[in-house]
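User: Could you walk me through how to read aromatic rings and a nonpolar core in a structure? I'm new to this.

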Amino acid sequence: MDFNLTNEQELLRDGLTKFLASRYDLTSSRAAAKTGAGWQPEIWRGFAEELGILGATLPEEAGGIGGGPVETMVIAEALGHALVIEPFVDTVVVAGGLLHRSGDAAAAALLEDVVAGSAIVALAATEPTSGDNWRDVSTTARRDGDEWVIDGTKLMAVNAPLATHLLVTARTSGERADTSGISLFLVDIASLSTGFTAHPYRTVDDRRASDLTFSEVRVPASALLGAEGQAWPSLDLARDEGAAAVCAEAVGGMRKVLADTVEYCKQRQQFGLPIGSFQVLQHRMVDMHMEVEQAAAAVYLAVLNLAAEPPQRAKAVSAAKATIGRAARFVGQNAVQLHGGMGMTEELAIGHYFKRLTAVQYEFGSTDYHVGRYAELTRS
């Protein structure tokens, strides 16, 4: 099987890599995360206006380029290598896919704003009792005349504090864990008044998230995306697309962590010699390299199966997510150990990468969840 990138994909990767090398400073991004707005809007505008990556994987009718999973992988890996905190995966990959598949006019118009960089969309799908199971939806929506009334609580809506719009899952029929009866609503945050509260916070990996409460929040009938109660297949695909994207992001981060660790071991001296000359540490770095390459191969498998039938797609994505979970833990922990105590300081990039690699293990389903899903799919 040919894993080589096309000329266009190589140009996409090289252009983004050069942009990030010259414009994306880790110190500035961490300062924005900790004390500022949580991101750098000027970088997001650069993604839209100078690079066009916000539309690289979105349809041409929305102003995009119409790329596919491989383009997403290329972009996500480059963003992970630079430790970018701007919400590409959540807004473009996950929300963008949901909006496009809904087929609604309002969603199509919002997609154009996403491509232009003027809209940020966050998905609110996780609930207090749902854990890794997005099918476990207790939030409800009931029709009242020309409006929908939403009641419920959403936890850990990543990038919601930055968002202009929310995609909210709510049950309009069926039992709590049924796949049927789940609907998806597009909510313009600026239009909300009474009944909606958001508790924003900074995550361990310097991103922004919110816990959201809906208490008889009224939205127009047009807020319903797609057919009532039929959102699960699109949500299931969006979750796998998001998982594959963060896996690619993790590969980029691990490649950077490994390169920095090797360089540090060449410079750090002990007993008059670079510590990289000690065979036991060389073996450790070789093990790290092998984990990274296995993770990259697993990502290729997931990306090439995103258009397959749901069971095959889910199996490939879960294999990748489980492999990434193991690799991210091993590479991150060993990089910190080889750097010594300074590996966890704010001054070194390695500590920030370690936090992100730790968080990736839980996004779009934890490592344990995906190991279990893979086992179940293998038995069937």
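**Rings and core**

Analyst: The structure holds 6 aromatic pairs. Rings of Phe, Tyr and Trp (its six-membered ring) pair if their centres lie within 6.5 Å; planes under 30 degrees apart are stacked, over 60 edge-to-face, and the rest tilted. This is a predicted model: local features need pLDDT of at least 70, side-chain atom pairs count only at pLDDT 80 or more, and totals for chains, interfaces and linings use all residues. Residues are numbered from 1 along each chain as its sequence is written, and side-chain values use heavy atoms, leaving out hydrogens and water.

User: What kind of pair do Phe196 and Phe214 form?

Analyst: A tilted one, 5.3 Å centre to centre with 50 degrees between the planes. Phe196 sits in strand E6 (residues 196-202) and Phe214 in strand E7 (residues 208-220), 18 residues apart. Strands here are DSSP runs of E, at least two residues, and helices are runs of H or I, at least four, numbered from the N terminus.

User: Is Phe214 buried or exposed?

Analyst: Buried means under 20% relative accessible area, exposed over 50%, partly exposed in between (1.4 Å probe, protein chains only). Phe214 counts as buried because its relative accessibility is 2%; Phe196, at 18%, counts as buried too.

User: Which residues do ring pairs link into a cluster?

Analyst: Phe19, Trp39, Trp44 and Phe47.

User: And which residues touch the most other members of the largest nonpolar core?

Analyst: A nonpolar core is a set of buried Ala, Val, Leu, Ile, Met, Phe, Trp, Tyr and Cys residues joined through side-chain atoms within 4.5 Å. Among its 115 residues, Leu20, Phe47, Leu167 and Met254 do. Helix H7 (residues 232-267) gives the most to this core, 16 residues.
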